[in-house]
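Got the viewer open and a selection box ready? Let's walk through this one stop at a time.

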Amino acid sequence: RATASDLIFSGTNIYGPCTDPEKPDFLEEINVLSDSLQCPWVLLGDFNLIRSPSDRSNDNFDPHAATLFNDAIQRWGVHEIAFTNRRFT
């Protein structure tokens, strides 16, 4: 609950799997969680997924994983807050 506005929201701290075979199941877990929420939702942390090749500092890009991630973000209805003054974590 936000003290300034009394807004009730849900927050989820994310640390996604580092190995590719686990990522679809991880995203499905978040899908199940998103379906159960009835209030605004904040997700933060590290998904260990990227949305586009420009998010990488090297040429290692998995378009299938990026599509899964982008589709999940759209389904959840969340918006990415961009970094300022830095490109990568």
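**First stop: Asn-31**

Start by selecting Asn-31, which is buried at a relative accessible area of 10%. Here buried means under 20% relative accessible area, exposed means over 50%, and partly exposed is in between, using a 1.4 Å probe and protein chains only. Asn-31 sits in helix α1. Show its neighbours, leaving out residues up to four places away in sequence, and you get Arg-75 and Trp-76. Touching, or contact, means heavy atoms within 4.5 Å.

A word on the ground rules before moving on. This is a predicted model, so local features need pLDDT of at least 70 and side-chain atom pairs count only at pLDDT 80 or more, while totals for chains, interfaces and linings use all residues. Residues are numbered from 1 along each chain as its sequence is written, and side-chain values use heavy atoms, with hydrogens and water left out.

**Zoom out: the whole chain**

Switch to cartoon and you'll find two helices and two strands. Follow them from the N terminus and the order reads β-α-β-α. Helices (H or I, at least four residues) and strands (E, at least two) are DSSP runs, numbered from the N terminus.

- The C-alpha atoms fill a box of roughly 45 × 35 × 20 Å along the principal axes.
- Of the 89 residues, 25% are buried.
- Take the contacts with a separation of 6 or more: 64% of them join residues 24 or more positions apart.
- The protein exposes about 6700 Å², and carbon and sulfur atoms supply 51% of that. Accessible areas come from the Shrake-Rupley method with a 1.4 Å probe, and for residues only the protein chains shown count as cover.
- There are 7 positive and 13 negative charges, with mean positions 7 Å apart. Lys and Arg count as positive, Asp and Glu as negative, with His and the chain ends not counted; each charge is placed at NZ of Lys, CZ of Arg, CG of Asp or CD of Glu.

**Next: salt bridges**

How many salt bridges does a search of the whole structure find? The search turns up four. The criterion is a side-chain nitrogen of Lys or Arg within 4 Å of a carboxyl oxygen of Asp or Glu.

Arg-75 is partly exposed, at 44% relative accessible area.

Now pick Glu-80 and Arg-51, whose side chains meet in a salt bridge at 2.9 Å, N to O. The pair links distant parts of the chain, 29 residues apart: Glu-80 is in the segment after α2, and Arg-51 is in the loop between β2 (41–46) and α2. Glu-80 is exposed at 56% relative accessibility, whereas Arg-51 is partly exposed at 30%.

Then go to Lys-23 and Asp-20, another salt bridge, at 3.4 Å from N to O. Is Lys-23 buried or exposed? Lys-23 counts as buried, at 9% relative accessibility, while Asp-20 is partly exposed at 44%. Lys-23 belongs to helix α1. Leaving out residues up to four places away in sequence, Lys-23 touches Pro-17, Cys-18, Asn-48 and Leu-49.

**Surface patches**

Patch members have over 30% relative accessible area and no salt bridge; like charges are joined within 9 Å, and nonpolar side chains (Val, Leu, Ile, Met, Phe, Trp, Tyr) within 5 Å. Glu-29 lies in helix α1 (residues 23–36) and is exposed, at 59% relative accessible area.

For a nonpolar patch, select Leu-7, Phe-9, Val-42 and Leu-44, which together have about 330 Å² of accessible area. Leu-7 comes from the segment before β1 (10–15) and is partly exposed at 41% relative accessible area.

**Last stop: Ser-57**

Finish in the loop between β2 and α2, where you'll find Ser-57. Ser-57 is exposed, at 61% relative accessibility. Draw a C-alpha to C-alpha distance from Ser-57 to Thr-19: the two are 38 residues apart in sequence and 18 Å apart in space.
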